[in-house]
Amino acid sequence: MKQFDVIRVVSIRDDRFTETERDWQRAPAVGDLGTILEVYADAFEVECSDSSNGGTIWLAAMYPDEISRVHK
């Protein structure tokens, strides 16, 4: 996977998203779509945006086993 790929959240490890970040609307959930913004050595920074206004729903570092690239 690479920068700007569209992904789907397929799983979430343990309970690391039980608390919602104060700047975002909610935590990531299985089934959410997002875009990879940054590629790290062992994770990806992913943003999920509102399709109606482009606002950020959530922004989180996701592990490779938690996401799957959406094929177009």
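User: Before we start, what range counts as partly exposed here?

Analyst: A residue is called buried under 20% relative accessible area and exposed over 50%, with partly exposed in between. This is a predicted model, and in it Arg 13 has a relative accessibility of 35%, so Arg 13 counts as partly exposed.

User: OK, and which side chain does Arg 13 meet in a salt bridge?

Analyst: Arg 13 meets the side chain of Asp 65 in a salt bridge, with 3.1 Å from N to O. That pair links distant parts of the chain, since Asp 65 sits in the loop between β4 and β5 (67–69) while Arg 13 sits in the loop between β1 and β2 (33–39), 52 residues apart. Asp 65 is itself partly exposed, with a relative accessible area of 44%.

User: Which ring does Arg 13 lie over?

Analyst: Arg 13 lies over the face of Tyr 63, at 3.8 Å from the ring centre.

User: What about Asp 5, is it buried or exposed?

Analyst: Asp 5 has 9% relative accessibility and therefore counts as buried. Asp 5 forms a salt bridge with Lys 2, their closest N and O atoms being 3.1 Å apart, and Lys 2 counts as exposed at 51%. Salt bridges also link Lys 2, Asp 5 and Arg 69 in a network.

User: Switching to the nonpolar side, which residues of the largest core touch the most other members?

Analyst: The largest nonpolar core has 13 residues, and those touching the most other members are Ile 7, Ile 36, Val 46, Trp 58, Met 62 and Ile 67. At least two residues of this core come from each of β1 (6–9), β3 (44–49) and β4 (56–62), and β4 gives the most, with four residues.

User: Why would side chains like that be buried together?

Analyst: As a general matter, nonpolar side chains tend to be buried together in soluble globular proteins.

User: And what is Ile 7 in contact with, ignoring neighbours within four places in sequence?

Analyst: With those neighbours left aside, Ile 7 is in contact with several residues, including the core members Ile 36, Val 46 and Ile 67.

Terms used:
Residues numbered from 1 in each chain as written. Predicted model: local features only at pLDDT ≥ 70, side-chain atom pairs only at ≥ 80, totals over all residues. Heavy atoms only, no water. Lys NZ or Arg CZ within 6 Å of the ring centre and 35° of its normal. Core = buried A, V, L, I, M, F, W, Y, C linked by side-chain atoms within 4.5 Å. Buried < 20%, exposed > 50% of the residue type's maximum accessible area, 1.4 Å probe, protein only. Contact = heavy atoms within 4.5 Å. Salt bridge = Lys/Arg side-chain N within 4 Å of Asp/Glu carboxyl O.
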